[in-house]
Amino acid sequence: MVFSTAMRLVANQAEAEDISQETFLRAYERFGELADNPRAGGWLKTVAINLSLNHLSRYRARWSFFSELVQRDESGEEMPLHYAAPDDVEENLAVEERRLLVEQALRQLPSSQRVPLVLFHLEGLKYEEIAAKLGVSLGKVKTDIFRARAVLHKKLGPSMQAEGRLSA
């Protein structure tokens, strides 16, 4: 959960690993408080989000897209990223196809729209929380999410309509 949260936000595997490690180091420092706390998972996720946003604000010029992610072998050669196959491939094929279409469309969004959209839809933050975390106005957050949705609808609409998944 911590790694996937960081990965969605920073879109760089090495940086997401660093953020995950830092998150767990902070958890270790507070182990006494978190050991029996039923909210430890939420605390970890919040710390991962905050560290990711801090990282992005420090390295804003270096924001990357999911399309820039590569896996490398021992010799440094680029290899395609592989996703774990679902248990029941036939049932989950349509879901996986839609997920890939959405990820592809997300890659094309500018980071100023992608980050608030991910925080809202995938991390469940409210507009006000996103504005506070990003240090922007509430109106900018709403506008960026609205524009991101419009771009996604425009990009995904034709393919989803062709498959009968999106109404006209």
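Modeller: Happy to. Let's begin with helix H1 (residues 2–10) and helix H2 (residues 13–29), whose axes come within 8 Å and cross at roughly 135 degrees. That angle makes H1 oblique to H2, and the crossing in which H1 passes H2 is right-handed. Please keep in mind that this is a predicted model.

From H1 come Val2, Phe3, Ala6, Met7 and Val10. On the H2 side, their partners are Gln13, Glu15, Ala16, Glu17, Ile19, Ser20, Thr23 and Phe24. Sorted by type, the residues of this contact are eight nonpolar, three polar and two charged.

In soluble globular proteins, nonpolar side chains tend to be buried together. In this model, the largest nonpolar core has 26 residues, and Leu9, Leu117, Leu119 and Leu152 are the ones that touch the most other members. H1 and H2 each supply at least two residues of this core, and so does each of helix H4 (40–58), helix H5 (89–107), helix H6 (111–122), helix H7 (127–134) and helix H8 (138–162). Apart from it lies another core, this one of six residues, including Leu34, Ala40, Leu44 and Ala48.

Leaving aside residues up to four places away in sequence, Leu152 touches Ala105, Leu106, Leu109, Leu117 and Gly157. As for His153, this residue lies in helix H8. His153 counts as partly exposed because its relative accessibility is 48%. Between His153 and Ala105 there are 9.3 Å in space, C-alpha to C-alpha, with the two residues 48 apart in sequence.

Finally, here is the whole chain around your helices. The protein has eight helices and two strands, and from the N terminus on its elements run α-α-α-α-β-β-α-α-α-α. Of its 168 residues, 31% are buried. If you take the contacts between residues at least 6 apart in sequence, 60% of them join residues at least 24 apart.

Key. Residues numbered from 1 in each chain as written. Predicted model: local features only at pLDDT ≥ 70, side-chain atom pairs only at ≥ 80, totals over all residues. Heavy atoms only, no water. Axes fitted to C-alpha atoms, helices over the stretch in contact; angles between N-to-C directions. Helix = DSSP H or I, 4+ residues; strand = E, 2+ residues; numbered from the N terminus. Parallel < 35°, antiparallel > 145°, perpendicular 65-115°, else oblique. Left-handed = near helix turned anticlockwise from the far one by under 90°. Contact = heavy atoms within 4.5 Å. Nonpolar A, V, L, I, M, F, W, Y, C, P; charged D, E, K, R; others polar. Core = buried A, V, L, I, M, F, W, Y, C linked by side-chain atoms within 4.5 Å. Buried < 20%, exposed > 50% of the residue type's maximum accessible area, 1.4 Å probe, protein only.
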